[in-house]
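I opened my notebook to look through a structure that is new to me. Here is what I looked up, entry by entry.

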Amino acid sequence: GLDGVAIQKKTTIGSAPSCSIQLNLPGVTPLHATIEYHPLTRSYWLRDHSIMSTTVNGHAVVGQ
């Protein structure tokens, strides 16, 4: 898993070498998703950039 991975203000996830978190797994696109911190709401938002899908704890993410 990704336990202990430090999330920055903006973290990119995907198979591209330039991603903050690089995942070389089937179905992972070069820029699969981003996680961004929003200080006004003190929350993190995950945005799906893939044509496949992104899941969190088994639930599909739609948009952000």
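Before I start on pairing: two strands count as a pair if DSSP finds at least two bridges between them. I also keep in mind that this is a predicted model.

Entry one, a strand pair. I looked up strand β3, residues 33–38, and found that β3 and β4 pair in the antiparallel sense over 6 bridges. I then picked A33 and checked its bridge partner in β4, which is D48.

In what order do the strands of the open sheet run? I read off β2-β1-β3-β4, so the sheet has 4 strands by the DSSP runs, and its pairing is mixed. The edge strands are β2 (21–22) and β4 (43–48), and each of them pairs on one side only.

R42 turned up with a phi near 50°, a positive value in a residue other than glycine. I found R42 in the loop between β3 and β4. Is R42 buried or exposed? Its relative accessibility is 73%, and the cut-off for exposed is over 50%, so R42 counts as exposed.

N57 is not a glycine either, and its phi is positive at about 50°. I placed N57 in the loop between β5 (54–56) and β6 (59–61). With a relative accessible area of 74%, N57 is exposed.

Methods:
Residues numbered from 1 in each chain as written. Predicted model: local features only at pLDDT ≥ 70, side-chain atom pairs only at ≥ 80, totals over all residues. Heavy atoms only, no water. Helix = DSSP H or I, 4+ residues; strand = E, 2+ residues; numbered from the N terminus. Buried < 20%, exposed > 50% of the residue type's maximum accessible area, 1.4 Å probe, protein only.
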